[in-house]
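Dear colleague,

I am handing over the structure below, and after it I set out what was found. Please read the notes alongside the coordinates.

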Amino acid sequence: MATTKGNKRVYLTWTDEMDAALLAVLVEHHNNGDHAQNGWKPHVYNAAIRNVREKCNVEITKDNIASWCKTFDKHYEVISKILSQSGFGWDWVNDKLLIDSDDVWNKYVEANKSTACYKNKVVKNWDAISTIYSKDHANGQGAQTGAESAQVLPEQVDDASPDLPQKKQRTGEAILSILGDMKTSFNHSLKSTEPLPMPSVTSPAEILATLQMVPDLARSDMLKSYGKFILNEHLFQALLELPMDMRKEWLLLLN
């Protein structure tokens, strides 16, 4: 990746350590709602630049981050489509695709020739990448936002003829109508066999990435905190509410 510094063209090589430092910040701010459809909010770039500098002793820019994020986005787009097909999985140990057979792969590549290089491609931090970009693609073409839905509603027209005056309901009739609707809704809810939605749980990878961002946190203290947070989602959310300079002290109090 090339950047211009003065009149010189400087090439930046991304390392695994830089990827981890960048993604740790992006995952945290994604979970905080700082990832809009048109990109990251300005303070996210500042936090990422600072974290890469502290963890890797490398200076990067907003343009470096935006350009490298396109690589993450491409990885997600290609790999997620592959994983949606039968015969594929993800090798979490070796950070690459699991393929049932060469025949399965050959048939897929025949229809998707540009993905051929991904057969043995190592893509680290897949858990973080999929966490960040899955929502982006879900909100892509064909998805409808709340604002768009709200704009559609006024176009709905009542079936009643506009030439006839609307009959005004009496107060008693209106109350009985509301009570009837409430009873019907309640009965439907009792008969429903749909399972209740499971509460969202933060993945272990996200918890570890957040702990790795805490400055000067000892390995043993990190592991103790990690053990607590994978069992207690509310405790982890409390950590995210604290500013970075208070997190280490709070974690030590917990341990």
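**Helix H1 against helix H3**

In this predicted model, helix H1 (residues 16–31) and helix H3 (residues 62–83) pack at an angle of about 90 degrees, with their axes 12 Å apart. Axes here are lines fitted to C-alpha atoms, for helices over the stretch in contact, and angles run from 0 to 180 degrees between N-to-C directions; helices (H or I, at least four residues) and strands (E, at least two) are DSSP runs, numbered from the N terminus. H1 is therefore roughly perpendicular to H3, where angles under 35 degrees count as roughly parallel, over 145 as roughly antiparallel, 65 to 115 as roughly perpendicular and the rest as oblique. On the H1 side the meeting residues are Asp-19, Leu-22, Leu-23 and Leu-26, and on the H3 side they are Ile-65, Trp-68, Cys-69 and Phe-72, contact meaning heavy atoms within 4.5 Å. By class, the residues of this contact of H1 with H3 divide into seven nonpolar, no polar and one charged (Ala, Val, Leu, Ile, Met, Phe, Trp, Tyr, Cys and Pro count as nonpolar, Asp, Glu, Lys and Arg as charged, and the others, Gly among them, as polar).

As to conventions, residues are numbered from 1 along each chain as its sequence is written, and side-chain values use heavy atoms, with hydrogens and water left out. Since the model is predicted, local features need pLDDT of at least 70 and side-chain atom pairs count only at pLDDT 80 or more, while totals for chains, interfaces and linings use all residues.

**Aromatic pairs**

The structure holds eight aromatic pairs, where rings of Phe, Tyr and Trp (its six-membered ring) pair if their centres lie within 6.5 Å, and planes under 30 degrees apart count as stacked, over 60 as edge-to-face and the rest as tilted. One of them joins Trp-68 and Phe-72 in an edge-to-face arrangement, at 6.2 Å centre to centre and with 70 degrees between the planes. Both residues, Trp-68 and Phe-72, lie in helix H3, four residues apart, which is about one turn of the helix. Phe-72 is buried, with a relative accessible area of 3% (buried means under 20% relative accessible area, exposed over 50%, partly exposed in between, with a 1.4 Å probe and protein chains only). Ring pairs also link Trp-14 with Trp-68 and Phe-72 into a cluster.

Another pair, formed by Phe-229 and Phe-236, is edge-to-face too, at 5.6 Å centre to centre and with 65 degrees between the planes. Phe-229 is buried at a relative accessible area of 1%, and Phe-236 likewise counts as buried, at 1% relative accessibility.

**Helix H8 against helix H10**

Phe-236 also belongs to a helix contact, in which Glu-206, Ile-207, Thr-210 and Leu-211 in H8 meet Phe-236, Leu-239 and Leu-240 in H10. By class, the contact of H8 with H10 has five nonpolar, one polar and one charged residues. The axes of helix H8 (residues 204–212) and helix H10 (residues 233–241) come within 12 Å and cross at roughly 35 degrees.

**Loop residues**

Which residues have a positive phi although they are not glycines? One is Asn-57, with a phi of about 60 degrees; Asn-57 is placed in the loop between helix H2 (42–56) and H3, and is exposed, with a relative accessible area of 70%. Asp-216 also has a positive phi of about 60 degrees, lies in the loop between H8 and helix H9 (219–229), and counts as exposed at 68% relative accessibility.

Asp-34, found in the loop between H1 and strand E3 (35–36), is buried, with a relative accessible area of 10%. Leaving aside its neighbours within four places in sequence, Asp-34 is in contact with His-29, Gly-39, Trp-40, Lys-41, His-43 and Val-44. The C-alpha atoms of Asp-34 and Val-44 are separated by 7.4 Å, the two residues being ten apart along the chain.

**Overall figures**

The secondary structure of the protein comes to eleven helices and six strands. Of the 255 residues in the protein, 28% are buried, and residues 24 or more positions apart account for 56% of the contacts with a separation of 6 or more.
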